[in-house]
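Please brief me on this structure.

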Amino acid sequence: MNEPVHAASFTRTLRLKVKAESYPWLNAAAVEVNQVFNWVNETSAKAARPFACKPKWLSGFDLCYLSAGATKFFEKIGADTVQRICTEYAAKRRAAKRVRLRWRVSRGARRSLGWVPLKAASLKRRGSALRFCGKTFRVFERERLEGVKWRDGCFAQDAVGDWWLCLPVEIAVEQKDAPLQAVGIDLGLKEIAVTSAGERLEAGRWTHGLADKLAMAQRRGHKRQAKRIHRKAARQRADALHKFSRKMVDQYQNIAVGDVSSLKLVKTRMAKSVLDSGWGMLKQMLLYKGEHAGRSVRVVSERNTTRACSGCGSLTGPTGASMLVVRRWVCRACGDTHDRDVNAARNILAGSRCLTSVCGNESSDSSVPLSRLRKRRRETGTETMRTAA
Ligand SMILES: [Zn+2]
């Protein structure tokens, strides 16, 4: 516990909801952004496939140069936004490796969600509000902006039609050692996550509660309301996952997660609960929060974790999809009673100690030859039992 405290900084994107009084301005600005974007799209496509002379793949710098002076044709957006559109476009196009990107549509059913990029320097603090392009913006939770230095960000619209100010900020964190050593986390359907210490994150409470409301809104054809309910469900889910991952990272130094592939299960009958449960999101959160706090997070193979007894290592547990109903079982070899998920979580924890991780935020120290795995597993298995007892 007397380890030195490391200070490090990380980039996080703050999302602050913009107050509704600015929506009309932002909606109008988004149309202008779309016009610039489409012009850039057309210009770079023409340069890449010219009628005559040599083809040229325009860079963000080239596009900024070509668009110089364009602001006089626009009422809302300024030169900095035009330049940001050019550079963002060039980066997107390079990543997509395509001559032309999809057009941004300003009206109708296939309308693109609004987007107004900005440069860090053009967004200024003015009292309790913000100034951008000669206009005052007020946001909710503005206290989160106090004392932070932001980088180039944007205003972005969500499916409901609300606008958010997204600003990447540098956040300093202190890395301290966690009070507890290690934990294994088993991801499941009934409970999203069960730890080797027996903590549970229940699944299915949120969307099922909102499902009736959603069905009603859809029956009545209230599209906007349906979108609002979807957004609410997504937020509740993310909130629960944030709280759980934060708790894990605060408590444990070494975290091991099973590597269930949600894509495989999505194709089966369990699709709805799989999509609900957000395993991928939880894994990502554990990985980045763990990295920020100086924890080791490993994703380990889930093979045989439900079958093997965490006490003696013999494969006496329930197997197959038909045995999913079995919640508790008794090991035939050593007579231990196990909770299915806690047992799996303990096996994952034991596995993380002897196996190399499938993917994690830390390279493992050594790979163990398969012949010695079994012995190591037995040792770590008993060790798990001792710490758990
Ligand atoms: Zn056993």
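How many contacts beyond four places in sequence does the model have for residues 363–374? The model has seven such contacts there, and pLDDT stays under 50 over residues 363–374. Two residues are in contact if their C-beta atoms, placed from the backbone, lie within 7 Å. pLDDT is the predictor's confidence in each residue, from 0 to 100.

This is a predicted model, in which local features need pLDDT of at least 70, side-chain atom pairs count only at pLDDT 80 or more, and totals for chains, interfaces and linings use all residues. Residues are numbered from 1 along each chain as its sequence is written.

**Confidence**
- The protein has a mean pLDDT of 82, with 81% of its residues at 70 or more.
- Confidence is highest in strand E2 (residues 115–118), at a mean of 96, and lowest in helix H10 (residues 370–388), at 43.
- Helices (H or I, at least four residues) and strands (E, at least two) are DSSP runs, numbered from the N terminus.
- Residues 376–389 also stay under 50 in pLDDT; for them the model has 21 contacts beyond four places in sequence.
- Where pLDDT is low, the predicted coordinates should not be read in detail.

**Helices H1 and H3**
- H1 (residues 23–48) and H3 (residues 79–96) have axes that come within 10 Å and cross at roughly 50 degrees.
- That angle makes H1 oblique to H3 (under 35 degrees is roughly parallel, over 145 roughly antiparallel, 65 to 115 roughly perpendicular, and the rest oblique).
- Axes are lines fitted to C-alpha atoms, for helices over the stretch in contact, and angles run from 0 to 180 degrees between N-to-C directions.
- The H1–H3 crossing is right-handed, meaning that the near helix is turned clockwise from the far one by less than a right angle.
- H1 contributes Val33, Val36, Phe37, Val40 and Ser44 to the contact; the H3 residues include Ile85, Tyr89 and Arg93.

**Helices H5 and H8**
- H5 (residues 223–251) and H8 (residues 279–293) have axes within 9 Å, crossing at roughly 40 degrees.
- H5 and H8 are therefore oblique to each other, and H5 passes H8 in a right-handed crossing.
- Among the residues that meet are Leu241 and His242 in H5 and Met285 and Lys289 in H8.

**Sheet**
- Three strands form an open sheet in the order E3-E4-E5, with antiparallel pairing.
- E3 (124–126) and E5 (135–137) are the edge strands, each with a single partner strand, so one side of each lacks a neighbour in the sheet.
- From one strand to the next, the twist averages 40 degrees.
- E3 pairs with E4 (residues 129–132) over three bridges; two strands pair if DSSP finds at least two bridges between them.
- Lysine 124 has arginine 131 in E4 as its bridge partner.
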